[in-house]
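Please look at the model below with its ring-bearing side chains in mind.

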Amino acid sequence: DLATGKRKWRTWIDYDKFDKLAARNASDATFTFDVKDYTADTPEWALFGAKEQGFDPTDTRHRKKKKHPKYTQFDERGIPTHDQNQKELSVKERRALMKQMEIKRAEVGSGTTVTELKG
């Protein structure tokens, strides 16, 4: 964005604009267009880190009982901080999860790639 200097994601397709451009191209073969002509700014709710998790807030979201994440927010170490209802976990719950993470790291190591983990 030239006005703010911040990066703006333009991953949204303006289908009405695309349809008009495609129709014009179909009737006039000399008319050409590219992706920049019909993309639009990505809505805030679709950006990484949005509380809506990429789901349009005007739509009804249905989750299968066992298919939704148990935790929705994590600290910098990957330890959960909030449950599926966006409720902050208690200190006791977080300590238990930290302990589980320590046990798992001791089992598999703390590398970030398969090569680091397996040598």
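Q: What makes helix α3 the place of lowest confidence in this predicted chain?
A: Confidence is given by pLDDT, the predictor's score for each residue from 0 to 100, and helix α3 (residues 114-118) has the lowest mean, 54, whereas helix α1 (residues 15-27) has the highest, 97. Where pLDDT is low, the predicted coordinates should not be read in detail. This is a predicted model, in which local features need pLDDT of at least 70 and side-chain atom pairs count only at 80 or more, while totals for chains, interfaces and linings use all residues. Residues are numbered from 1 along each chain as its sequence is written, and side-chain values use heavy atoms, without hydrogens and water.

Q: Why are Trp12 and Trp45 called an edge-to-face aromatic pair?
A: Rings of Phe, Tyr and Trp (its six-membered ring) pair if their centres lie within 6.5 Å, and planes under 30 degrees apart count as stacked, over 60 as edge-to-face and the rest as tilted. The centres of Trp12 and Trp45 are 5.4 Å apart and their planes stand at 85 degrees, so the pair is edge-to-face.

Q: How do you know whether Trp45 is buried or exposed?
A: Buried means under 20% relative accessible area, exposed over 50% and partly exposed in between (1.4 Å probe, protein chains only). Trp45 has 17%, so Trp45 counts as buried, whereas Trp12, at 36%, is partly exposed.

Q: What makes Phe18 and Phe33 an edge-to-face pair?
A: Their ring centres lie 5.8 Å apart and their planes meet at 75 degrees, so this pair is edge-to-face.

How values were computed: Helix = DSSP H or I, 4+ residues; strand = E, 2+ residues; numbered from the N terminus.
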